[in-house]
Amino acid sequence: MKLILLSDFHLMSKTPVSRTDDAFITSFNKFNYIIDYANKNNAHIIQAGDLTHASRDYNTLHQLINSLSMLDDGLNLYTIWGQHNQYYRTKSNDATTLGILHSIKLLNILNKENTIIYDTYVPAVNVYGCSWGEDVPPPEEADTFNILAIHESIGTERLFPEDDPIDAEIFLREAREYNIILCGDIHRQFHIELDGRHILNTGCAFRYSGGEYELNHKPGFFLIDYDTNNLNISWEKIPHESSKTAMSVEHLKSEKYLNASVAEFINLVDEYQKKSTDPKRDIREYLHKNNISESIKNIIFKEMEND
Ligand SMILES: [Mn+2]
């Protein structure tokens with residue numbers, strides 16, 4: 001059995017300032033490459049949340065329907081909710097891009113009630129999902145080959161001073177009933193193995209922010225090749241342009257852009273403060289969710305300390 005493991009994808013229709021190409025075309029070229037790869041290798045796709053960049057970017061819906069319809073019969077894309085897919089993080093997500101694709105059965109959302117079980121294998125392969133904000137489901141059986149897709153701040157390092165990710169190696173040690181854990185949320189590629197068990201993150205497939213990490217990241221996915229008692233994990237590249245041609249950081253040098261960004265940020269903080277019981281927590285979340293550069297985060301945290 002083959003499985004394609006993908007972390008955050010961030011399909012989008014509006015081109016961000018850090019891209020010099022067309023985000024819609026490039027992000028879907030990458031996605032269609034994955035669909036084609038899945039068909040050629042008879043592989044299911046497991047995606048760990050943030051498949052789309054915005055929760056209600058309906059301009060992506062038509063192409064998502066086209067792309068997912070190209071998956072061969074019997075193959076599926078399994079996903080979970082990332083915070084980018086949830087509409088203001090409410091429970092009513094039916095009218096989101098992901099909710100619509102789920103309701104027309106073009107993808108499958110894993111949760112406590114919905115686990116995939118491949119029982120033609122010995123041991124059987126069970127795939128579990130844990131969306132953003134959910135508790136990790138305990139596997140029903142410990143002696144099956146258990147895979148978990150999770151959208152949670154699990155990483156190998158702090159990305160900014162107040163960052164407090166769950167340590168990937170500790171998570172792997174503690175979730176010992178899982179053989180493979182695929183993480184989404186932190187846009188960082190990692191692969192840690194302990195005694196034949198693995199925790200993985202592919203990083204972001206579509207590099208939309210002009211941070212130093214993204215400029216150097218080479219998009220790809222993990223291919224799981226599992227046969228009875230035989231597991232092989234390989235890193236497969238997704239064809240992409242060099243960041244030197246497809247990306248730009250020129251906007252960071254423009255005073256007009258920076259002033260507009262600061263004004264937008266102050267407005268957001270104002271809005272948050274009116275609604276929130278813990279604005280600092282919300283600011284941290286906002287900074288994390290929007291992949292604000294580390295130097296800007298440092299300035300903001302310094303100001304918050306002075307508050
Ligand atoms: Mn993401």
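Guide: Two strands are said to pair if DSSP finds at least two bridges between them, and helices (H or I, at least four residues) and strands (E, at least two) are DSSP runs, numbered from the N terminus. The model is predicted, so local features need pLDDT of at least 70 and side-chain atom pairs count only at pLDDT 80 or more, while totals for chains, interfaces and linings use all residues. Residues are numbered from 1 along each chain as its sequence is written.

With those terms in hand, the pair to begin with is β1 (residues 2–6) and β2 (residues 43–47), which run in the parallel sense and are joined over five bridges. Going along this pairing, Leu3 stands opposite His44, Ile4 has Ile45 as its bridge partner, and Leu5 has Ile46. These two strands belong to an open sheet of six strands with mixed pairing, in the order β4-β3-β2-β1-β13-β14. At the edges of this sheet are β4 (108–109) and β14 (230–237), each of which pairs on one side only.

Burial comes next; a residue is counted as buried if 20 or more other C-beta atoms lie within 10 Å of its own, as exposed if 12 or fewer do, and as partly exposed in between, with C-beta atoms placed from the backbone. By that count β1 is mostly covered, since four of its five residues are buried. For β2, five of the five residues are buried, so this strand is largely enclosed by the rest of the structure. Ala43, Ile45 and Gln47 point one way from β2, whereas His44 and Ile46 point the other way, and all are buried.

Helix α1 (residues 23–41) lies across β1, β2 and β13 (220–227) and runs at about 165 degrees to β1; here axes are lines fitted to C-alpha atoms, for helices over the stretch in contact, and angles run from 0 to 180 degrees between N-to-C directions. Contact, in turn, means that the C-beta atoms of two residues, placed from the backbone, lie within 7 Å. Phe24 lies in this helix, and with 17 C-beta neighbours inside 10 Å it counts as partly exposed. Leaving aside neighbours within four places in sequence, Phe24 is in contact with Met12 and Ser13. The C-alpha atoms of Phe24 and Asn59 are 9.1 Å from each other, although 35 residues separate the two along the chain.

Not counting residues up to four places away in sequence, Ile181 touches Leu148, Ile150, Phe171, Leu172, Ala175 and Ile199.

From there the view passes to β10 (residues 180–185), the strand in which Cys183 lies. Cys183 is buried, because 30 other C-beta atoms lie within 10 Å. Apart from neighbours within four places in sequence, the residues in contact with Cys183 are Ser7, Ala48, Ile150, Glu152, Ile154, Ile199, Leu200 and Asn201. Cys183 and Asp8 are 175 residues apart in sequence, yet their C-alpha atoms are 8.7 Å apart in space.

Strand β10 itself is part of another open sheet, in which six strands follow the order β5-β6-β7-β10-β12-β11 with mixed pairing. Its edge strands are β5 (116–118) and β11 (189–194), each pairing on one side only, and the twist from one strand to the next averages 15 degrees.
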